[in-house]
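Here is a short tour of a structure, written to be read with the viewer open.

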Protein chains: 2
Amino acid sequence: MIVVVRLGHRIVRDQRITSHCALVARAFGASKFIYSGDKDTALENSIRNVESRWGQAMEIEYSDNIMKTLRNYKESGYVLIHLTMYGIPVEERIQTLKSLDKMVIIIGGSRVPREIYTISDYNIAIGNQPHSEVAALGIMLHILGKRAEFKNPKLIIIPSENGKRVIRNDLKQ
Amino acid sequence: MIVVVRLGHRIVRDQRITSHCALVARAFGASKFIYSGDKDTALENSIRNVESRWGQAMEIEYSDNIMKTLRNYKESGYVLIHLTMYGIPVEERIQTLKSLDKMVIIIGGSRVPREIYTISDYNIAIGNQPHSEVAALGIMLHILGKRAEFKNPKLIIIPSENGKRVIRNDLKQ
């Protein structure tokens with residue numbers, strides 16, 4: 001079970017970045033995406049729209065008290081992993097991280113509060129350079145290598161050497 | 001040599017996504033980032049600002065004729081790799097891609113023109129689900145595993161278990 005938590009979402013300014021984070025979470029094995037900051041119905045609808053077209057794999061939820069949410073997950077046996085460029089390089093913790101069954105992967109957020117660093121079991125850097133929470137999440141999930149299952153998709157891509165091939169699954173008999 | 005090409009940049013709407021793409025390119029081993037679409041001085045300045053603080057690793061350039069730019073690279077022996085969810089899964093081409101010396105990695109772009117699919121030597125999918133060009137680029141570069149060198153940084157992060165440690169390299173004697 002992988003839960004992804006996106007901190008401090010801001011409507012308009014973060015809409016596309018948070019949307020990319022949610023789609024990356026969905027594509028690479030997270031079963032839940034929780035965001036804090038501004039409640040954003042348009043964001044939630046756009047992710048649910050992707051789910052209805054490309055297959056159900058992940059729920060999206062809003063939390064208005066993210067520290068409480070994180071404490072609850074921790075008490076239920078989830079390991080909290082905060083991705084930050086200030087953390088320990090992921091290469092040094094790969095075996096430990098891959099052995100976990102239940103985890104919450106936390107990504108910023110414009111300003112990450114100090115208590116996120118302390119409540120987290122691991123502060124992990126995907127490279128100690130500034131880049132992107134979208135890429136950090138993608139690389140982390142790629143390393144974990146969980147397979148996502150996409151249920152009842154209307155659209156399925158057939159991989160192609162140099163074009164676009166999509167089948168309409170809902171028209172099948 | 002890894003060059004990253006970002007297609008069809010739009011000022012305002014794409015500023016943060018393109019900026020994330022450029023920072024990911026820089027963090028994970030690209031030596032040049034070329035973008036097409038709208039010329040965006042603010043974008044270029046923000047990347048150069050990161051370079052001056054965190055170390056020189058990558059140039060950023062604008063192209064007003066991206067097909068010509070791509071043809072020039074191809075004629076100079078670069079292999080063109082277009083990342084698209086419609087392509088062949090990266091897992092099936094890893095050995096080939098890792099063996100390349102000089103490559104251009106191309107990412108969209110709201111609408112990627114058909115000729116990008118045909119000029120590219122490889123159309124590669126990082127998962128056949130919709131997600132993010134930022135994550136696709138990050139995972140691709142992570143798989144390639146090139147080490148970036150960051151020259152003359154003013155700031156260097158010391159990896160930390162649960163805090164932020166940054167040294168000011170320019171104050172050192």
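This is a predicted model: local features need pLDDT of at least 70, side-chain atom pairs count only at pLDDT 80 or more; totals for chains, interfaces and linings use all residues.

Apart from its neighbours within four places in sequence, A:Ile105 is in contact with A:Ile2, A:Val4, A:Ile81, A:Leu83, A:Leu137 and A:Met140. The largest nonpolar core has 102 residues, and those touching the most other members are A:Ile105, A:Leu137, B:Ile105 and B:Leu137.

## The sheet of chain B

Now switch to chain B, where six strands form an open sheet in the order 3-2-1-5-4-6, with parallel pairing. Strand 3 (59–62) and strand 6 (122–125) of chain B each have a single partner strand, so one side of each has no neighbour in the sheet. From one strand to the next, the twist averages 30 degrees.

For a closer look, take strand 1 (residues 2–9) and strand 2 (residues 32–37) of chain B, which pair in the parallel sense over five bridges. B:Arg6 has B:Tyr35 of strand 2 as its bridge partner. Helix 6 (residues 133–144) of chain B packs on the sheet, touching strand 1, strand 4 (79–89) and strand 5 (103–107), and its direction makes about 155 degrees with that of strand 5.

## How the two chains meet

How are chain A and chain B related? A rotation of 180 degrees, with 0.0 Å of shift along its axis, superposes chain A on chain B with an RMSD of 0.0 Å. This is the relation of a two-fold axis. The residue of chain A that comes closest to the rotation axis is A:Ala135, at 2.1 Å (C-alpha).

The contact takes 39 residues from chain A and 39 residues from chain B. On the side of chain A that touches chain B, 21 residues are nonpolar, 14 polar and four charged.

Terms used
Residues are numbered from 1 along each chain as its sequence is written. Chains are lettered from A and ligands numbered from 1 in the order in which they are written. Copies are superposed by least squares on the C-alpha atoms of residues with pLDDT of at least 70 in both. Two residues are in contact if their C-beta atoms, placed from the backbone, lie within 7 Å. Ala, Val, Leu, Ile, Met, Phe, Trp, Tyr, Cys and Pro count as nonpolar, Asp, Glu, Lys and Arg as charged, and the others, Gly among them, as polar. A nonpolar core is a set of buried Ala, Val, Leu, Ile, Met, Phe, Trp, Tyr and Cys residues joined through C-beta atoms within 7 Å. A residue is buried if 20 or more other C-beta atoms lie within 10 Å of its own, exposed if 12 or fewer, and partly exposed in between; C-beta atoms are placed from the backbone. Two strands pair if DSSP finds at least two bridges between them. Helices (H or I, at least four residues) and strands (E, at least two) are DSSP runs, numbered from the N terminus. Axes are lines fitted to C-alpha atoms, for helices over the stretch in contact, and angles run from 0 to 180 degrees between N-to-C directions.
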